[in-house]
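Hi,

Here is the structure I promised to send over.

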Amino acid sequence: MIRDLPKLYAILDVDLTLSRGLRPLDVLDGWLDAGVQLVQVRAKSWSGGPLLELAEQATARCQSAGASLIVND
């Protein structure tokens with residue numbers, strides 16, 4: 001079954017976010033509060049435990065907001 005996807009979605013680039021002094025999950029929370037329904041988390045420099053922990057926390061937040069999540073490494 002193909003689900004209708006939003007025409008626009010937010011990409012949370014963890015490295016870029018941190019380089020600007022922002023916490024990725026705070027940015028995500030702001031987007032979800034604004035009604036974003038599809039988020040892609042991109043964390044090219046992260047792997048293993050830290051990426052898994054971020055993905056788990058982002059998943060919980062997105063589920064609570066009724067949004068979908070894509071995780072890239």
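Let's start with tyrosine 9, which is partly exposed, at a relative accessible area of 36% (buried means under 20%, exposed over 50%, and partly exposed in between, with a 1.4 Å probe and protein chains only). Tyrosine 9 sits in the segment before strand S1 (10–13); helices (H or I, at least four residues) and strands (E, at least two) are DSSP runs, numbered from the N terminus.

Before going on, a word on the source: this is a predicted model, where local features need pLDDT of at least 70 and side-chain atom pairs count only at pLDDT 80 or more, while totals for chains, interfaces and linings use all residues. Residues are numbered from 1 along each chain as its sequence is written, and side-chain values use heavy atoms, leaving out hydrogens and water.

**Helix H3**

H3 covers residues 48–65, and its 18 residues should span 26 Å at 1.5 Å a residue, which agrees with the 26 Å between its end C-alpha atoms (the expected span is 1.5 Å times one less than the number of residues). Which residues of H3 are buried? They are Leu51, Leu54, Ala55, Ala58 and Cys62. They lie on the same side of H3, because they cover an arc of only 100 degrees around the axis (taken from the directions from the helix axis to the C-beta atoms). As background, an α-helix has 3.6 residues a turn, so residues three or four places apart point the same way.

The buried residues of H3 pack against helix H1 (14–19), helix H2 (24–34), strand S2 (38–42) and strand S3 (68–72), with contact meaning heavy atoms within 4.5 Å. On the other side of H3, Glu56, Gln63 and Ser64 are exposed. After H3 comes glycine 66, with a positive phi near 75 degrees.

**Salt bridges**

How many salt bridges are there? The count comes to 2, taking a side-chain nitrogen of Lys or Arg within 4 Å of a carboxyl oxygen of Asp or Glu.

- Aspartate 29 pairs with arginine 61, with the closest N and O atoms 2.8 Å apart. This pair links distant parts of the chain, since aspartate 29 is in helix H2 and arginine 61 in helix H3, 32 residues apart. Aspartate 29 is partly exposed at 26%, and arginine 61 is partly exposed at 30%.
- Arginine 23 pairs with aspartate 26, with the closest N and O atoms 3.4 Å apart. Arginine 23 is exposed at 56%, while aspartate 26 is partly exposed at 42%.

Cheers
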